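Let's take a tour of a protein model, starting with the overall layout and ending at a single residue. Have a look at the picture before reading on.

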Amino acid sequence: MQGEKCHNKVQEGDPLEIFTDRDGEVIFKKYSPIGELSGFANQYAETLYRTCNYPILICDRDTVIAFAGLSKKECAEKKISPELESIVENRSLYVHEKNGKDVPAIDGNEKLTVSCAMPIISEGDIIGVVMSVLPEGQESIPTDVETKLIQTAAVFLGKQME
């Protein structure tokens, strides 16, 4: 894949989007179902941020597609961390515990750690994750309200994709 910028691992059976650039070169991009809702997801992230006062990330299986409370430079199209990928694969709510191991939200950025995360599941398939994050140096246990908001957002976004 010479000369290409490849963010997501494409595996056999993955759906692809095909584009051409100005020079007529063909570009293959991994299709993101949750990416179809990016405008809506950004509004939802902003609403969650205003409600729980924690930065919010909404991601597909590989990258951040919507965010609120953080800079574009920190988040836009960044790859999620391998530790977060493992949490998502568990298909259940993750809640940071006091004195527990920090889970980075973004690959290569130890400053943003996951406070609370819930996989987005649509028709039995994991299509992404909604999470609240803790900025560097902030230690906090997610409240019941925060965890319920994150769970509700993940379920709602999953239903939108059915």
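This is a predicted model: local features need pLDDT of at least 70, side-chain atom pairs count only at pLDDT 80 or more; totals for chains, interfaces and linings use all residues.

## Helices and strands

Helices (H or I, at least four residues) and strands (E, at least two) are DSSP runs, numbered from the N terminus. By that count, the protein chain has four helices and eight strands.

Residues are numbered from 1 along each chain as its sequence is written, and side-chain values use heavy atoms, leaving out hydrogens and water.

The pLDDT score is the predictor's confidence in each residue, from 0 to 100. Its average over the protein chain is 83, with 80% of the residues scoring at least 70. Strand β6 (residues 104-106) has the highest mean, 95, while strand β1 (residues 16-20) has the lowest, 63. Over residues 1-8, pLDDT stays under 50.

## Inside and out

Buried means under 20% relative accessible area, exposed over 50%, and partly exposed in between (1.4 Å probe, protein chains only). Of the protein chain's 162 residues, 41% count as buried.

## Zooming in on S115

Where does S115 sit? You'll find S115 in strand β7 (residues 109-122). S115 counts as buried because its relative accessibility is 0%. Leaving aside neighbours within four places in sequence, S115 is in contact (heavy atoms within 4.5 Å) with Y94, V95, H96, S132, V133, L134, P142 and E146.
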